[in-house]
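Here is a note for a colleague who is opening this entry for the first time. Please keep the sequence and the model in view while going through the numbered points.

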Amino acid sequence: MTKVKICGLKNPTDIKCINTLSPDFAGFVMFFEKSHRNISVQTAQELLALLDKNIKSVAVTVSPTEEQLEQIHTLGFDYVQIHGKISEKLLSECKTPVIRAINVSGIESIGDIENLDNVKGILFDSAVPGSGKSFDWSMLEKLPKNKKMLFLAGGLTADNVAKAVAQVRPFAVDVSSGVELADKSGKDFELVRAFIENARNSK
Ligand SMILES: O=C(O)c1ccccc1N[C@@H]1O[C@H](COP(=O)(O)O)[C@@H](O)[C@H]1O
């Protein structure tokens with residue numbers, strides 16, 4: 001069954017929704033103030049304490065520094081999702097298991113990270129992360145097979161997720177914008193419920 005990651009959680013109501021609906025992964029945007037989903041270290045600590053321990057927690061970052069990666073490790077996240085730039089040294093030394101996010105146009109460079117043991121997953125996203133924009137999934141057909149978890153993200157919704165799963169066969173699907181309340185104050189329970197159901201029931 002395809003696994004589900006719900007991203008951009010930012011308040012206790014979101015956590016209540018997630019604990020009730022039980023996706024496999026829960027994402028928290030950190031150290032990226034440009035995002036309206038960004039949360040502080042203190043909020044992350046509070047929300048992690050409320051999160052059901054059966055749901056894997058993911059700190060979502062863009063070009064994190066060594067100090068930020070250390071803070072994420074100290075907070076006890078299960079994974080760190082890394083968008084943007086990071087040196088090979090920092091990536092290979094990261095103590096928290098990594099989900100490396102790459103823009104679909106960077107598919108050719110996947111070989112660089114394939115051999116790193118601490119990189120457990122590769123997440124394919126559209127050009128602007130968290131923008132709700134999709135991309136041509138057929139670009140993933142030329143993807144070399146490897147042992148990492150493959151996450152598909154970018155513009156997924158309850159309406160298109162079944163088609164995405166059927167075409168790409170990812171390990172997990174990942175959504176943020178597509179399950180957000182209209183005023184962007186948090187997640188919409190019904191949209192999250194429908195997304196998880198459609199992803200998991202997809203053939
Ligand atoms: O959600 C954000 O604001 C964000 C900020 C910085 C890096 C990643 C971010 N979100 C990630 O973007 C993808 C797709 O999101 P969407 O469904 O298209 O909105 C997902 O992996 C989020 O974790």
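**Notes on the model**

1. A polar side-chain atom of Lys5 is found 3.4 Å from an oxygen atom of the ligand, a polar contact being a pair of N or O atoms within 3.5 Å, where within protein one atom must be able to donate a hydrogen and the other to accept it, and residues adjacent in sequence count only if both atoms are side-chain atoms. Ser176 places a backbone N or O atom 2.9 Å from an oxygen atom of the ligand, while for Ser177 it is an N or O atom of the side chain that lies 2.4 Å from a ligand oxygen atom. Of the 510 Å² of accessible area that the ligand has on its own, the protein covers 99%, with areas taken from the Shrake-Rupley method with a 1.4 Å probe and, for residues, only the protein chains shown counting as cover.

2. This is a predicted model, in which local features need pLDDT of at least 70 and side-chain atom pairs count only at pLDDT 80 or more, whereas totals for chains, interfaces and linings use all residues. Residues are numbered from 1 along each chain as its sequence is written, and side-chain values use heavy atoms, with hydrogens and water left out.

3. Which residues come nearest to the ligand? Of the 23 residues around the ligand, they are Cys7, Ser35, Arg37, Asp174 and Ser177, where a residue is near if one of its heavy atoms lies within 4 Å. By class, the shell has nine nonpolar, ten polar and four charged residues; Ala, Val, Leu, Ile, Met, Phe, Trp, Tyr, Cys and Pro count as nonpolar, Asp, Glu, Lys and Arg as charged, and the others, Gly among them, as polar.

4. Helix H2 (residues 41–50) has Ala44, Leu47 and Leu48 as its buried residues, buried meaning under 20% relative accessible area, exposed over 50%, and partly exposed in between (1.4 Å probe, protein chains only). Helices (H or I, at least four residues) and strands (E, at least two) are DSSP runs, numbered from the N terminus. Seen down the axis of H2, the buried residues fall within an arc of 100 degrees, so they line one face of the helix; the arc is that of the directions from the helix axis to the C-beta atoms. The face turned away from this buried side carries the exposed residues Gln42, Gln45 and Ala49.

5. The buried residues of H2 pack against helix H1 (12–21), strand E2 (25–30), strand E3 (38–39), E4 and helix H3 (66–75), contact here meaning heavy atoms within 4.5 Å.

6. Not counting residues up to four places away in sequence, Phe151 touches Lys5, Phe25, Ile99, Gly121, Ile122, Leu123, Phe124, Phe171 and Ala172.

7. Thr96 sits in the loop between helix H4 (88–93) and strand E6 (98–103), and its relative accessibility of 2% makes it buried. Beyond four places in sequence, Thr96 touches Ile72, His73, Phe77, Asp78, Tyr79 and Val80.

8. Val128, in the loop between E7 and E8, is exposed, because its relative accessible area is 51%. Val128 and Leu48 are 80 residues apart in sequence and 26 Å apart in space, C-alpha to C-alpha.
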